[in-house]
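Let's take a tour of a protein chain, starting with its fold and ending with its charged side chains. Have a look at the picture first, then read on.

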Amino acid sequence: MSERTEHWQTVYTTKKEDEVSWFETSPEISLALIGKASGGKPADIVDIGGGASRLVDALLPEHDVTVLDLSAAALDAARNRLGAVAEKVDWVVSDATRWHPTRAFDVWHDRAALHFLTDPEDQRAYVAVLKSALRPGGTAILATFAPDGPEKCSGLPVARHDADTLAALLGPGFKLQETLRHTHKTPWGSEQRFQYSAFKREES
């Protein structure tokens, strides 16, 4: 088990769903951006670092959903919450930098996973996997701490981003569709500034 995996297994085996700073009762911004990306039609969506997030609850049954996370415990929590409908979801325990997707997706969604990758080599590996998973014409929705957001989360350093730094990471072939700032309130009332950006992958 890698250090990264061990860390997140510990988090999700010692804390409840609503005891982590990134908890959202309803992921409204993600849902709005996914709705725009999918054009209101059923889509193949992968949620990177989805953990125990409630995004999957809201995406079913309209979309085909894959949820990827380092922590099996996190995915088990989401599975247990969903009950029987969890069978409709593809649950993947993997590091996003080492994943080998076996299908193409219309939407790559990542809220608060990418910013934990502070090493340039890990960032490049993440982008390589994204490119192998996202079909031409698909949309990558990336939400990270904003430049004025926290410098650490869950005891770990983070790499804060805006639309420009994300565009530089993705490289050519992606066009920024939308970017917005959001102040997230943690379950205990503190504020975290996020940056959401949606990039469309060029068809050619």
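## Who touches whom

This is a predicted model. Take the contacts in the protein chain with a separation of 6 or more: residues 24 or more positions apart account for 67% of them.

## The overall build

What is the chain made of? You can pick out six helices and nine strands along it. Its C-alpha atoms fill a box of roughly 45 × 40 × 30 Å, taken along the principal axes.

A compact globule with 204 residues would have a radius of gyration near 17 Å, and this chain's 16 Å agrees with that.

## Inside and outside

How much of the chain is buried? Buried residues make up 48% of the 204.

## Charges

Count up the charged side chains and you get 23 positive and 30 negative ones. The centres of these two sets lie 2 Å apart.

Side chains of opposite charge can pair when their charged atoms come close. How many salt bridges does a search of the whole structure find? It turns up 14 of them.

Start with Arg 54 and Glu 17, which form a salt bridge with their closest N and O atoms 2.8 Å apart. Arg 54 sits in the loop between strand S1 (44-48) and helix H3 (55-59), while Glu 17 is in the loop between helix H1 (3-14) and helix H2 (28-38), so this pair ties together parts that are 37 residues apart in sequence.

Arg 81 belongs to helix H4 (residues 72-82) and Glu 17 to the loop between H1 and H2, so here the parts tied together are 64 residues apart in sequence. Arg 81 counts as partly exposed, with 28% relative accessibility.

## A strand meets a helix

Another salt bridge joins Glu 178 and Lys 36, with the closest N and O atoms 3.0 Å apart. Glu 178 lies in strand S8 (residues 174-185) and Lys 36 in helix H2, so the pair links parts that are 142 residues apart in sequence. Glu 178 is partly exposed, with a relative accessible area of 25%, whereas Lys 36 is exposed, at 55%.

Note on methods. Residues are numbered from 1 along each chain as its sequence is written. This is a predicted model: local features need pLDDT of at least 70, side-chain atom pairs count only at pLDDT 80 or more; totals for chains, interfaces and linings use all residues. Side-chain values use heavy atoms; hydrogens and water are left out. Helices (H or I, at least four residues) and strands (E, at least two) are DSSP runs, numbered from the N terminus. The radius of gyration is taken over C-alpha atoms; the globule rule is 2.2 Å times the number of residues to the power 0.38. Buried means under 20% relative accessible area, exposed over 50%, partly exposed in between (1.4 Å probe, protein chains only). Contact means heavy atoms within 4.5 Å. Lys and Arg count as positive and Asp and Glu as negative; His and the chain ends are not counted. The place of a charge is taken as NZ of Lys, CZ of Arg, CG of Asp or CD of Glu. A salt bridge is a side-chain nitrogen of Lys or Arg within 4 Å of a carboxyl oxygen of Asp or Glu.
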